[in-house]
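Please look through the points below with the model open beside you.

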Amino acid sequence: MPKTGKNDHARKDELPSTLQRSDQKAQDTFAKTYDSAMESYDNDESRAARAAYASLKHSYEKVGDHWEPKEKRGPSDERAEKGLGADEPTAGGVDANASKKHLLERARELDISGRSSMDKEELVKALQKANDAATRKARGK
């Protein structure tokens, strides 16, 4: 996993592939949080990765195979709102707290069919599915 290095930037080849296709600020946010969490959690990689993704999702949302800045900073789903120990499933990087209009725009960008008749919950699930498919495709799987 990432370690910040020269000029305090993450080594791109150590980042998850979705972050390798994202802007430098997203990469640095993930890497710095990961490195700090590794120290705090006695080198528990799984826990550090969860902390890094939680930090990233506060400012970024997953769009297809990469991360883009959110319109408004803050928790991205119910699980993030409740914090550690929450049982709710994560929205997988989709900004489930965004407006329906925003979710429809993202769905249009990802060419999700049937989007105009979906409610907000259906849009979130469709976006998760489209993001996962785009990531698999980008990884060549």
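1. Ala26, Thr29, Phe30, Thr33, Tyr34, Ala37 and Met38 in helix 2 are in contact (heavy atoms within 4.5 Å) with Glu45, Ala48, Ala49, Ala51, Ala52, Tyr53, Ser55 and Leu56 in helix 3. By class, eleven residues of this contact between helix 2 and helix 3 are nonpolar, three are polar and one is charged; Ala, Val, Leu, Ile, Met, Phe, Trp, Tyr, Cys and Pro count as nonpolar, Asp, Glu, Lys and Arg as charged, and the others, Gly among them, as polar. Helices here are DSSP runs of H or I with at least four residues, and strands are runs of E with at least two, both numbered from the N terminus.

2. This is a predicted model, in which local features need pLDDT of at least 70 and side-chain atom pairs count only at pLDDT 80 or more, while totals for chains, interfaces and linings use all residues. Residues are numbered from 1 along each chain as its sequence is written, and side-chain values use heavy atoms, with hydrogens and water left out.

3. Helix 2 (residues 24-40) packs against helix 3 (residues 45-59) at an angle of about 145°, and their axes are 8 Å apart; axes are lines fitted to C-alpha atoms, for helices over the stretch in contact, and angles run from 0 to 180 degrees between N-to-C directions.

4. At the start of helix 2, a side-chain oxygen of Asp23 comes to within 3.2 Å of the backbone nitrogen of Lys25, and just after helix 2, Asp42 has a positive phi of about 50°.

5. Lys70 sits in the loop between strand 2 (66-69) and helix 4 (78-82), and Lys70 is buried, because its relative accessible area is 9%. Leaving aside neighbours within four places in sequence, the contacts of Lys70 include Glu61 and Asp95.

6. Asp77 also has its place in the loop between strand 2 and helix 4, and Asp77 counts as buried because its relative accessibility is 5%. The side chain of Asp77 reaches the backbone nitrogen of Ala91 at 2.8 Å. Although Asp77 and Gly92 are 15 residues apart in sequence, their C-alpha atoms are 9.1 Å apart in space.

Technical notes. Buried means under 20% relative accessible area, exposed over 50%, partly exposed in between (1.4 Å probe, protein chains only). A polar contact is a pair of N or O atoms within 3.5 Å; within protein, one must be able to donate a hydrogen and the other to accept it, and residues adjacent in sequence count only if both atoms are side-chain atoms.
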